[in-house]
Amino acid sequence: MGRMFGTNGVRGVVNQDMDIKLAMQMGKAVGVVFPGTAAIATDTRVSADMLRTAVSAGLMSVGCDVVFLGAIPTPALQYYVKTNDSIACGIMITASHNPPEFNGIKVVAPDGTEASKEQESAIEDKYDEIIPEVPWNMVGGYRFVPGADDAYVDAVVSKLDVEAIRAANLTVVLDCANGAAFHTSPLLLKKLGVRAITINGNPQGEFPGHPSEPTADNLADLCKMVVDTHADLGIAHDGDADRCVFVDSNGTYVPGDKTLAILAKGIVMANGGGEVVTPVATSSVVDDTVKSVKGTVVRTAVGSPIVARKMMDDGGVFGGEENGGLIFPDHQYCRDGAMAIGRMLECIIRNGPLNFQLAALPIYYTEKRKMECPNDLKDAVMKFLESHATIKNKDKTDGLKLVSRDFWVLARPSGTEPIFRIYVESKDKEKAIKNADKYQKMVESFLSSV
């Protein structure tokens, strides 16, 4: 079948690309590559139980035991895998921020980090084979293990300055997006003594509150609620709660790269320097801010597993993506929405309101465009853009990044959806818009001609 894993797992529309046959065969393939006991969890999507049971059946058919942890955040599953030596791997049934008709399968390695490209390739190779099943008396067992969500919250709390947070008497508005954070994030804020006004806190797989991607357009209710309640902060997760974005006390949505820059500054200062790892798509505001406190920035391909493993290799002190996926190595090497909440609360207490910290950042303007693009045309679009690019400074770490003197353009296909993305950044707003328009038209013109 070829490459199945995208940037974050295998995803597709339920009962079209993502069906029970695929899920069961994926379970069998994972069980062969990671023999032993598998921990499985889901987010709140309507199709979660269907796919969970199919994956579990595949695992058990090749002799693996399965422990089901419930509907919990992806980082809670990762923490469980990391801290239990008896667990050979983890499987998260989630499509993260994708629309509710999507679902997916994300594989977690024994160290709690998402499976590496090499491990994913091994699973894909097995998927294409006829995988023999074990005799009847060697079939794996299945049991529900409660408490992984509470243990995860306790672990996050243990890393935070709880006394200082309690003493600050903060009020926040929390948007759980009807997703996997419905229990863990309210519990975290309760344990930290923070008054939390919660919206979209009921787990509901159709995501009735708003689409599960925490973008500015989707968080209008949160922004208004922060102002109306005079809250110190707004907090929003995606569907599986590995990402977290913020709204300042003025009700202004904070782009993820600015959050990354603010938290990176504090962590680098606390460590007396250090390396921050982030993908090629992240704003240059991170480079400027980290360098101002004598830190360094390393760029990778897009994808939290790539960022996390680079941090592990280099000893990076912090890392993350511009979409609100933040990685705190003193806790675990994965995107961690709950730890992001805790660190941001500490940051506000120590360094002042978020809007004040934002005002001190250098200003860059970023234009982001996305176009529908069939998966089988993505490579052709990339070749077209490269052959027609007039900018000589080209970075092919991920997609095609064209770096000019006063702006950069990144063109890359989505690893999870039939979408092509264009990012443009400049200190000149008009230049960012002009070049985003230019490259978007180039892609759309090419697609309409084939």
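**Loops, helices and packing**

Visitor: Where is the place of Ala177?
Guide: Secondary structure comes from DSSP runs, with helices (H or I, at least four residues) and strands (E, at least two) numbered from the N terminus. On that numbering, Ala177 falls in the loop between β7 (171–175) and α7.

Visitor: At what pLDDT do side-chain atom pairs count?
Guide: Residues are numbered from 1 along each chain as its sequence is written, and side-chain values use heavy atoms, with hydrogens and water left out. The model is predicted: totals for chains, interfaces and linings use all residues, local features need pLDDT of at least 70, and side-chain atom pairs count only at pLDDT 80 or more.

Visitor: What is the phi of Ala177?
Guide: Most residues other than glycine have a negative phi. Ala177 is not glycine, yet its phi is positive. The value is near 60°.

Visitor: Is Ala177 buried or exposed?
Guide: Buried means under 20% relative accessible area, exposed over 50%, partly exposed in between (1.4 Å probe, protein chains only). Ala177 has 0% relative accessibility, so it counts as buried.

Visitor: Which loop holds Ser96, and what is its relative accessible area?
Guide: Ser96 has a positive phi, near 55°, without being glycine. It is in the loop between β4 and β5. Ser96 is buried, with a relative accessible area of 1%.

Visitor: How far apart are the end C-alpha atoms of helix α1?
Guide: The expected span is 1.5 Å times one less than the number of residues. For the 14 residues of α1 (residues 20–33), that should be 20 Å. The model agrees, with its end C-alpha atoms separated by 20 Å.

Visitor: What covers the buried residues of α1?
Guide: Among the buried residues of α1 are Leu22, Met26 and Val30. The cover includes β1 (10–13), α2 (48–61), β4 (87–93), β5 (102–108) and α4 (117–127).

Visitor: A side-chain oxygen of which residue reaches the backbone nitrogen of Lys21?
Guide: This is at the start of α1. The oxygen comes to within 3.3 Å of that nitrogen. It belongs to Asp19.

Visitor: How are α9 and α12 placed relative to each other?
Guide: Axes are lines fitted to C-alpha atoms, for helices over the stretch in contact, and angles run from 0 to 180 degrees between N-to-C directions. α9 (residues 256–271) and α12 (residues 337–351) pack at about 65°, with their axes 10 Å apart. Angles under 35 degrees count as roughly parallel, over 145 as roughly antiparallel, 65 to 115 as roughly perpendicular and the rest as oblique. The pair is therefore roughly perpendicular.

Visitor: Which residues of α12 meet α9?
Guide: Contact means heavy atoms within 4.5 Å. α9 brings Thr259, Ile262 and Leu263. α12 brings Arg343, Met344 and Cys347.

Visitor: How are α7 and α12 placed relative to each other?
Guide: α7 (residues 184–191) packs on α12 at about 30°, with the axes 10 Å apart. That makes the two roughly parallel.

Visitor: Which residues does Gly295 contact, leaving aside neighbours within four places in sequence?
Guide: Gly295 is in the loop between α10 (285–292) and β13 (296–300). It is buried, with a relative accessible area of 9%. Its C-alpha atom is 5.1 Å from that of Gly274, 21 residues apart along the chain. With those neighbours left aside, Gly295 contacts Val268, Gly274 and Val290.

Visitor: Which residues does Thr74 contact, with the neighbours within four places in sequence left aside?
Guide: Thr74 belongs to helix α3 (residues 74–83). At 0% relative accessibility, Thr74 is buried. Its contacts beyond those neighbours are Met92, Thr94, Lys106, Asp240 and Asp242.

Note on methods:
A polar contact is a pair of N or O atoms within 3.5 Å; within protein, one must be able to donate a hydrogen and the other to accept it, and residues adjacent in sequence count only if both atoms are side-chain atoms.
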